[in-house]
Amino acid sequence: MLSRVAEAVYWMNRYIERAENVARFIDVNLQLSLDAATGSAQWQPLVDTTGDRLMFAERYETATREHVVDFLTFDTDNSNSILSCLNRAHDNARSVREVISSEMWEQIHRYYLMLRQAARQRRVLDRPHAFFEEIKSASRLFMGVTDATMSHGEGWHFGRLGQLLERAEKTSRMLDVKYFLLLPSLDAVGTPIDDIQWAAVLRSASAFEMYRKRFGRIAPDRVAEFLILDREFPRAMQHCVMHAEYSLHAVTGSSTGTFANPAEQRLGRLRAELSYSPIQEIMSSGLHEFLDTFQLKLNQVDDAIYETFFALHPVGDAPVHD
């Protein structure tokens, strides 16, 4: 497969996944802000979760609901906004229309047009929950259509690799920011407010129901364990890394447990570290430090993927990424 095509599919899926994650974070916070029992929905952490604190501070004096929602949804100067993600995903899809299925193109084009219309109207806060549900549904439908209509060959695996690395990164960022904010609130531990806040953490990863089926009562350490180390939940960091490694080996043909390039080496090492790190050790050594290191290593994996597979492409014909 041409490196240009592989990179475009990789970034197309990363951007679709990123848009869905941002929509989910915003929607959960909007729902939390309506809960009179807490009155504690915080908007700055959403900007921190996407890593855009400095840019946001240059544009706005305070992190109000209206400012944050607009910045993360429609601001095209913000490369992590939902609209920016869809613009880039759509551009990448257009560049590889000969590789993806017509159903994939039709779905991403409908998604793109829906969001462009919403951006022109700027009436998100009139019916915010319905709007962000529509974004989440459109993203999930695209991924479902991809699985059902695209041959599961190299192109599909590159797309899946991008999707899973993006998902692991966003789960780690969300958990890092939320845990840092909630853990110091010792007075609220064990209270209904505490449960509501931690339930919001789980809902930010669409993990609330599966967590309750596994553990029942909500406890901070259990929440961290589930979102970091669970092998079966699709947004858990370990699950994402395991299946990303599988797709990487499917592309290269290398045997599991071996590596033929730096990308496989770095991703395999990261997967092994997660597999052999008990939650007690992670918590005792510092959750923030663990998650910060995880994000750094994910960036190194992404760099290695670029150097291994994408670095050589015709000038002026590069896929759209950031």
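This is a predicted model: local features need pLDDT of at least 70, side-chain atom pairs count only at pLDDT 80 or more; totals for chains, interfaces and linings use all residues.

Visitor: What is the relative accessible area of Leu-86, and is Leu-86 buried or exposed?

Guide: Residues are numbered from 1 along each chain as its sequence is written, and side-chain values use heavy atoms, with hydrogens and water left out. Buried means under 20% relative accessible area, exposed over 50%, and partly exposed in between, using a 1.4 Å probe and protein chains only. Leu-86 is buried, and its relative accessible area is 0%.

Visitor: Where does Leu-86 lie, and which residues does Leu-86 touch?

Guide: Helices here are DSSP runs of H or I with at least four residues, numbered from the N terminus, and Leu-86 lies in helix α5. Contact means heavy atoms within 4.5 Å. Leaving aside residues up to four places away in sequence, Leu-86 touches Ile-16, Ala-19, Tyr-111, Tyr-112 and Leu-115.

Visitor: How many Å apart in space are Leu-86 and Leu-115, C-alpha to C-alpha?

Guide: Leu-115 is one of the residues that Leu-86 touches. Along the sequence the two are 29 residues apart, while in space their C-alpha atoms are separated by 8.1 Å.

Visitor: Which residues touch the most other members of the largest nonpolar core?

Guide: A nonpolar core is a set of buried Ala, Val, Leu, Ile, Met, Phe, Trp, Tyr and Cys residues joined through side-chain atoms within 4.5 Å. The largest one has 98 residues, and its largest share, 15 residues, comes from helix α1 (residues 3-33). The members touching the most others are Phe-132 and Ile-228.

Visitor: What else does Asp-27 touch, and how far is the C-alpha of Asp-27 from that of Phe-131?

Guide: Not counting residues up to four places away in sequence, Asp-27 touches His-129, Phe-132, Glu-133 and Lys-136. Asp-27 and Phe-131 are 104 residues apart along the chain, and the separation of their C-alpha atoms is 9.1 Å.

Visitor: How many aromatic pairs are there, and what kind do Phe-74 and Phe-131 form?

Guide: Rings of Phe, Tyr and Trp (its six-membered ring) pair if their centres lie within 6.5 Å; planes under 30 degrees apart count as stacked, over 60 as edge-to-face and the rest as tilted. The structure holds 15 aromatic pairs. For Phe-74 and Phe-131, the distance is 6.0 Å centre to centre with 50° between the planes, making the pair tilted.

Visitor: Why does this pair tie together separate parts, and how many residues apart are they?

Guide: Phe-74 is buried, and so is Phe-131. Phe-74 lies in the loop between α4 (65-73) and α5 (82-95), whereas Phe-131 belongs to helix α7 (residues 128-149), so the pair ties together parts whose separation in sequence is 57 residues.

Visitor: What kind of aromatic pair do Phe-158 and Phe-309 form?

Guide: Phe-158 and Phe-309 are both buried. Their rings lie 5.3 Å apart, centre to centre, with 80° between the planes, so by the cut-off of over 60 the pair is edge-to-face.

Visitor: Which backbone oxygen lies 3.1 Å from a polar atom of the side chain of Gln-107?

Guide: Gln-107 is found in helix α6 (residues 102-121) and is buried, with a relative accessible area of 5%. Among the residues that Gln-107 touches are Leu-141 and Phe-142. The backbone oxygen at 3.1 Å belongs to Ala-138.

Methods. Helices (H or I, at least four residues) and strands (E, at least two) are DSSP runs, numbered from the N terminus. A polar contact is a pair of N or O atoms within 3.5 Å; within protein, one must be able to donate a hydrogen and the other to accept it, and residues adjacent in sequence count only if both atoms are side-chain atoms.
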